[in-house]
Amino acid sequence: MNWYKKATSWNIRTTENFIDKCCDIADEAYKFVGQKFAPAVYNKITFFNLYTNQEEYFDIIIQDDKREAIANYNVEKKIMTIYPNSLNDVDMTNETKGIEAIEKAAIHEFTHAIDPKFKQQKFIEKQKNLGQQFGFDYYNFPTEFDAYSKQITEDIKGFISADYDNNFDIVYNWVMTTDHNIPEFLIDYNKIILAWRQYDNLYRSRYIRKFKQRLYNEIILPRLKERKEEQNNVN
Ligand SMILES: [Zn+2]
């Protein structure tokens, strides 16, 4: 059996229209870039959580604080807060880039909202203690691993669709080997991948493998199935 079939992870299963909802959140929040406004609840997102088997929701608040992060999620209050005027390195005056940046942040925070680990108080407490210090402990916290691996997976889907034939093979070649070097297409996530790799080396954990497993399940496997069907249709 290959390693990518053995490795296990929560691999948070998202719900129907997950990406559409993140796009809507980003479109709405982008309207506030460069504006002054009072924070209020702007939207309520409902979704079916496969882990609890029920409809759940969270509120969206848009705030103009100058923070480092574009968004955060409060598990106890069920609130996703978006900071369209945050101090990040994205040129928010560029509409495409700005919306994309908010969408990525929304994918990350929405993953937290679904994450069944947050049903356990110990995770909530530990996450609070981590704060917003984007470092080694933060990137390697299990809920952050799941949220970042989901966020990065969606980003890679975008990278592939930009040049399907070439880029699928590039991703495939990295995923299907035990190569733990950071490929060019992950260069924006250098800091995160390095933190996972370092953690794996120190604690014999399997973050990079789990991440590759997610890429295999969400990107490689569907394409392999598609190819097989195409071949069957020809024969
Ligand atoms: Zn997070």
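**Close-up 1. A right-handed crossing of H2 and H3.** In this predicted model, helices H2 and H3 pass each other in a right-handed crossing.

**Close-up 2. H7 against H9, a left-handed crossing.** Here H7 goes past H9 with left-handed geometry. The two axes come within 10 Å and cross at roughly 135°, and H7 and H9 are therefore oblique to each other. From H7, look for Phe168, Val171, Tyr172 and Val175 in the contact; from H9, the partners are Lys212, Leu215, Tyr216, Ile219, Ile220 and Arg223. The class tally is 8 nonpolar and 2 charged, with no polar residues.

**Close-up 3. Helix H6 and its buried residues.** H6 covers residues 142-162, which makes 21 residues. From first C-alpha to last it reaches 31 Å, close to the 30 Å expected at 1.5 Å a residue. Its buried residues include the run Thr143, Glu144, Phe145, Asp146, Ala147, Tyr148, Ser149, Lys150, Gln151 and Ile152. Ile156 and Ile160 are buried too. As a reminder, an α-helix has 3.6 residues a turn, so residues three or four places apart point the same way. And what do the buried residues of H6 pack against? The partners are helices H3 (95-114), H4 (121-130), H5 (136-139), H7 (164-175), H8 (190-203) and H9 (207-234).

**Close-up 4. Asparagine 53, a positive phi between two strands.** Most residues other than glycine have a negative phi. Asparagine 53 isn't a glycine, yet its phi is positive, at about 60°. You'll find asparagine 53 in the loop between strand S1 (41-49) and strand S2 (54-62).

**Close-up 5. Arginine 204, a positive phi between two helices.** This view moves to the loop between H8 and H9, where arginine 204 sits. Arginine 204 has a phi near 50°, a positive value in a residue other than glycine. With 7 C-beta neighbours inside 10 Å, arginine 204 counts as exposed.

Key:
Residues are numbered from 1 along each chain as its sequence is written. This is a predicted model: local features need pLDDT of at least 70, side-chain atom pairs count only at pLDDT 80 or more; totals for chains, interfaces and linings use all residues. Helices (H or I, at least four residues) and strands (E, at least two) are DSSP runs, numbered from the N terminus. The expected span of a helix is 1.5 Å times one less than its number of residues. A residue is buried if 20 or more other C-beta atoms lie within 10 Å of its own, exposed if 12 or fewer, and partly exposed in between; C-beta atoms are placed from the backbone. Two residues are in contact if their C-beta atoms, placed from the backbone, lie within 7 Å. A crossing is left-handed if the near helix is turned anticlockwise from the far one by less than a right angle, and right-handed if clockwise. Axes are lines fitted to C-alpha atoms, for helices over the stretch in contact, and angles run from 0 to 180 degrees between N-to-C directions. Angles under 35 degrees count as roughly parallel, over 145 as roughly antiparallel, 65 to 115 as roughly perpendicular and the rest as oblique. Ala, Val, Leu, Ile, Met, Phe, Trp, Tyr, Cys and Pro count as nonpolar, Asp, Glu, Lys and Arg as charged, and the others, Gly among them, as polar.
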